[in-house]
Amino acid sequence: MRKFGMPNFSIRRPVDVVVRRPGRRPVVVVAATTLALLVSACTPTASVRDEAGDRLLVLTTFTVIADIAREVGGDHVHVESVTAVGAEIHGYEPTPSDLRRASDADLVLANGLGLEAWFDRFVAGLDVPTVTLSDGIEALPVVESVGVEGEAPPSDDLGAPNPHAWMSPAVGAHYAHAAAEAFAAQDPEHAEAYRANAERYAGELLAVGETLTAALAEIPAESRVLVTCEGAFSYLARDAGLDEVYLWPVNSEGQSSPRRMEAAISTVRDRQVPAVFCESTVSSDSQEQVARESGSTFAGVLYVDSLSEPDGPVPTYKDLLTHDVEVIIAGLTGATGAEPVNSSAAQPATAGAGR
C-alpha cells in the first residue's frame, strides 16, 4: 500500500515580495495608445477609488486571485478583478474601463507564468506597483500527455511554464502569503492583520489538499491517474501523487487529435482508471467518448480558470478547490459521493467573485 502525504516540495512564506513599480516610460506609442483609450472612454462611471475610500485598492487579473486577495485583505482592502466571471483569461483584451481602474489602484496582482498574455502591455503606461503571486514557486513545464510523445501540440506551449499553479492548494497557500506581504508593503499599519489572515486561510487551503491525498491513498498505483480534457491539473496531480493524462495541453483551444484520443483511451483501459473528467469551460464530448471506449466512467465537471457567480457552484477559490477535490475523490474511489472537504474549518471563505 502506498502512502501519500503532502507534496514533496516546499512552499515557503515569501520573505521578499517583488513589487514592480514601472517608471515613466519614454515609449511614445504605448503612452499614446493608453491616452487614446482613456480619452475614448466618454461614459462617466463611479470611480473605484471613491468606492475604496481609505482602504487599499487592489486590482487583480482574474477572479481566483481576487478572492484570495479578499480573504487576505479583509476589511482593509477593496478588491476588483480585471476579468469577469467566466471570462477567457489568456487572450483577454483590456478595455478603457480596465485602464481607468488600474490607474486608480494602489496595487495590481497577477498570476504570471504566461497566463495573462496581455498583462505587460496593460501596465506598461501606468505608474502602479505590480506583484506576480507565482514568483518563488517551483513552476512545472507544459509536457506531452502519456502516449503522444513527439506529436507537435496545436500551439508552441511545450516547455513553457504551466500557468495553472493555483490548482495546487499548497501553491494557493503561497499566493495567500505573497498577497499578505504585498499588502503589508503598501499598508504597513495593517501588516499583522494581513499576515494573520493569510496564515488562517493558508491552513484552510492546505486542509483541502490533505483530504485529497488521504482519500486516494488506498487506490492501487496502476490506477492513480487523473484524466482531464486540458492539462490544467499538473500541480494538483503532483500534490496527490497522480499521473496525468489529458486530451490537449494548456491554451490549445480544445484541439484533440485522433492520436491523443487513442492514447487516452488505451491508457485508461490498460491502467483500469475508474473515472475521467473535463473542465467546465469546454465541451466534454471527447472525454465522454474516451469513457465509453475505455470502459471507464465520465465522473463530472471540474472548474479551473474562473469562479462562478455568488449563487453558482464555485463562488470562491476554496469552493473551487473543494468541488474539484470532491469530484475527483468520488470518481477515482468509486464512491457515490465524496466526504465533505474540510468540514471542520473554523471559518468559511468569503463569498463573492468577479468585478
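User: What covers the buried residues of α3?

Analyst: In this predicted model, the cover includes β1 (56-60), β2 (77-81), β3 (107-110), α6 (169-186), α7 (191-216) and α11 (317-333), where helices (H or I, at least four residues) and strands (E, at least two) are DSSP runs numbered from the N terminus. Residues are numbered from 1 along each chain as its sequence is written.

User: Why is α3 called largely enclosed by the rest of the structure?

Analyst: Buried means under 20% relative accessible area, exposed over 50% and partly exposed in between, with a 1.4 Å probe and protein chains only. In helix α3 (residues 63-73), 10 of the 11 residues are buried, so the helix is largely enclosed; among the buried ones are Thr63, Ile65, Asp67 and Glu71. Across the chain, buried residues make up 52% of the 355 residues.

User: What makes α7 and α11 roughly parallel to each other?

Analyst: Their packing angle is about 5°, with the axes 9 Å apart; axes are lines fitted to C-alpha atoms over the stretch in contact, and angles run from 0 to 180 degrees between N-to-C directions. Angles under 35 degrees count as roughly parallel, over 145 as roughly antiparallel, 65 to 115 as roughly perpendicular and the rest as oblique, and α7 and α11 are therefore roughly parallel.

User: Which residues of α7 meet α11?

Analyst: With contact meaning heavy atoms within 4.5 Å, the α7 residues include Tyr201, Leu205, Val208 and Leu212, and those they meet in α11 include Leu321, Val325 and Ile328.

Methods. Predicted model: local features only at pLDDT ≥ 70, side-chain atom pairs only at ≥ 80, totals over all residues. Heavy atoms only, no water.
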